[in-house]
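Visitor: I am new to reading structures, and I would like to go through this one with you slowly.

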Amino acid sequence: MKRSRREAAAAGGSPPSEQLLFGGPMRYDGGFVRHEETSAQAGLWTVARQIPGMLRLAWVLAWRADRAALVGVVLAEVGRAATAALSLVAVNAALGHLFASAGAAGALRAVLPAALTAGAAAGAGAVLAAVSSWGADRLSPRIQRTATVTLLDRAQRVEMAAMEDPAFNRLLESARFGINSVHRLTSESVSVLSTLLSMAATGGVLFTLSPLLLPLLVLIAAPRAWGAAVTARRRRNSVMAWLQHLRASQLIAQLLTQTYTAAEIRVHGVGAFLLHHFEQMALASDAEQARLAAAGARTRIAASAASGLAFAATFGLLGLLVSTGHLALAAAGTAVIAVRTGAADVGSLLGSVNQLFEEALYVGDLQTLTTEADARAIPTGGADLPERPDAIHVENVSFTYPGRTAPSLDKVSLVVPTGKIVALVGDNGAGKSTLARLLCGLYQPDSGTIRWDGVDTATADRAQQFASTVLLPQDFFHWPLTLRAIVTPGRPGHHDDAQTLAEAAEFAGMEHLLQQQDRGWDTLAAKGFEGGVDFSGGQWQRIGTARTYLRATTTGTDGRRPFLVIADEPTSALDPAAEVRAFDNLRRLAAEGATVLLITHRLAASASADLIYVLKDGRLVEQGTHEELMAVGADEDRPAAGSYRTAYLLQARQYAAELPGPRPAGPHPAGPRPAAEPAEGGGQ
Ligand SMILES: Nc1ncnc2c1ncn2[C@@H]1O[C@H](COP(=O)(O)OP(=O)(O)OP(=O)(O)O)[C@@H](O)[C@H]1O
């Protein structure tokens with residue numbers, strides 16, 4: 001077993017547990033896997049070629065975020081390089097004096113000025129390093145904030161179709177990683193700049209001492225560069241290999257510790273099952289880590305050996321140059337220091353460049369997302385929509401969700417008259433919710449038109465369309481906010497409007513729920529936070545109804561008051577009394593002039609609608625009043641004819657069934673009662 005796990009991990013395959021639970025390695029269809037391959041396969045040359053572009057990207061972001069801090073960082077780094085060069089020159093002079101006057105009286109005095117200069121240069125370098133780090137620390141959060149706001153702003157502006165598009169979603173996910181990368185990109189690019197300048201200063205000094213010394217630095221640097229590149233590449237591969245296993249086991253760990261899975265874990269015995277597979281996956285991950293650790297150690301030994309040989313060769317060459325009189329002893333001493341500094345710089349440069357490369361890929365996605373999101377943003381402006389049209393006309397509308405082949409709406413034509421209750425009924429998946437989403441402007445038809453009186457909504461001002469609509473979706477999101485904030489979205493003027501809030505609570509039957517909460521409207525509907533609570537399904541539905549009422553009866557910031565109320569299964573979790581009250585309330589809204597589009601499977605409720613549309617497989621198959629639809633008989637030419645009547649009778653039959661009579665006296669139907677059970681009416 002151990003062997004097969006090890007082999008599976010080494011081969012990038014999945015251990016048996018992952019195979020069983022996820023059908024293979026857990027490779028999320030998420031953005032953060034977008035660059036794993038690119039990153040792992042990139043060689044030294046690929047990375048090196050991209051350095052200028054990556055630095056430019058980092059500097060552009062920094063320039064936009066805080067110019068003063070950026071200029072401060074660059075000046076401080078240039079100053080640091082100059083002090084490093086000055087320090088080397090001073091060390092060279094000090095060594096020269098030391099070797100020239102070794103043992104002679106006054107040797108210390110001769111060396112002192114150069115030594116003091118070297119010390120002062122080192123001190124100035126330290127101060128400049130602090131300035132540079134201050135600037136970088138100031139820049140990073142500003143860049144991150146700018147990038148975050150850009151991303152969130154673009155994300156909330158795009159069309160629903162973009163949000164549902166897997167490719168756009170991947171990009172969005174990857175760009176979210178880009179936000180953290182933006183911050184690291186800046187610090188790494190400062191490191192790269194700093195190291196490059198330091199190397200230029202060291203190289204310059206070496207060249208001044210003797211042009212022959214420059215190739216020595218390259219000799220030292222080459223094996224180090226090779227070692228760093230190989231190590232970095234191995235690290236990326238390692239991360240890529242174990243990430244898949246880690247994802248799978250993290251998901252299991254999450255499932256085992258979440259509240260929403262707790263009931264099934266206990267009742268269905270899922271806990272022991274998942275724990276067993278978690279352990280199996282953890283063992284596979286261990287095996288993979290051990291394999292990579294051994295490989296990493298071998299590479300490090302090889303790189304260190306190559307680097308040591310290069311150092312030995314360098315010292316040999318230096319000795320040769322000194323002994324043949326081509327290099328002064330003091331210059332050789334300086335060269336040793338410079339070569340060591342330069343070699344260390346190469347190591348750190350490679351590390352930074354490698355990191356820069358990975359971060360830049362994600363930051364690049366952040367930029368791509370900005371462009372893509374702009375292209376897919378909900379258009380602003382457009383034709384004015386009537387505030388209260390006489391009717392909404394749906395004409396020959398077809399719509400297919402992104403990524404699907406079968407249309408969810410197929411050439412649907414219907415009219416929704418204003419001020420009426422219109423019921424949309426039909427089987428699961430018939431297209432009712434989809435039509436509702438098109439009516440409120442979340443999607444645009446692929447073909448056909450939706451007109452508000454004479455205005456085609458495709459070319460209309462979408463903000464006006466949203467402002468004229470109230471949507472109570474079937475899967476109403478349970479916002480983790482205060483009840484006050486949940487019930488007053490888009491109505492900032494009503495956050496503290498006690499009168500309207502009380503009316504909304506009364507409309508939705510929320511009074512009892514509010515009385516139960518210590519903090520009333522300020523109750524936080526987010527379990528897991530201090531003071532946070534959760535509500536039952538029916539209570540959430542009442543909260544949603546209160547929100548619907550508040551929005552439908554007040555005006556938004558643009559002065560529009562919605563006339564179209566779309567309620568998608570608004571009573572599925574309500575108790576019978578609350579359900580009756582909810583339908584009465586919807587009728588009340590319609591009586592006040594709103595158009596209520598009611599999507600429901602409760603045909604007793606649709607029976608009182610002014611108009612009923614029946615959908616089946618994305619097509620409109622029947623329409624009329626309840627009485628008209630109940631009068632439709634079977635029709636050989638129209639197989640769906642009478643489907644409303646059939647469904648209605650099916651539901652009605654459940655209630656019309658004969659009620660059981662009173663329990664007959666005599667022996668207990670399940671046999672004699674146990675002796676301990678008191679006889680009925682026996683009293684205690
Ligand atoms: N976001 C989506 N992406 C892809 N397909 C979707 C999406 N939403 C719905 N569909 C598909 O569109 C079809 C119509 O779904 P819709 O939700 O409109 O049905 P419905 O009549 O409201 O069903 P129900 O009574 O079950 O709520 C179904 O085949 C469904 O699988």
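Predicted model: local features only at pLDDT ≥ 70, side-chain atom pairs only at ≥ 80, totals over all residues.

Visitor: How do the residues of the shell around the ligand divide into nonpolar, polar and charged?

Guide: The ligand is surrounded by 13 residues, and the closest are Tyr401, Ser408, Asn428, Ser433 and Thr434. Sorted by the definition above, the shell holds two nonpolar, three charged and eight polar residues.

Visitor: Which element gives the largest share of the shell around the ligand?

Guide: Helix α13 covers residues 432-439 and packs on the sheet, where it touches β1, β2 and β4. The largest share of the shell, three residues, comes from this helix, α13.

Visitor: Which strands stand at the edges of the sheet, and why is one side of each left without a neighbour?

Guide: The open sheet has four antiparallel strands in the order β2-β1-β4-β5. Each edge strand has a single partner strand, so one side is left without a neighbour in the sheet, and these strands are β2 (409-417) and β5 (455-456).

Visitor: What is the bridge partner of arginine 451 in β5?

Guide: Strand β4 spans residues 447-452 and is joined to β5 by two bridges, the two running antiparallel. Across from arginine 451, the bridge partner in β5 is aspartate 456.

Visitor: How far apart are the end C-alpha atoms over residues 114-136?

Guide: The unreviewed UniProt entry places a transmembrane region at residues 114-136, among others. Over this stretch the chain is 100% helix and 0% strand, and the end C-alpha atoms are apart by 32 Å.

Conventions. Residues numbered from 1 in each chain as written. UniProt positions renumbered as here; feature names shortened; annotations may be inferred. Pairing = 2+ DSSP bridges. Contact = placed C-beta atoms within 7 Å. Axes fitted to C-alpha atoms, helices over the stretch in contact; angles between N-to-C directions. Near = placed C-beta within 6 Å. Nonpolar A, V, L, I, M, F, W, Y, C, P; charged D, E, K, R; others polar.
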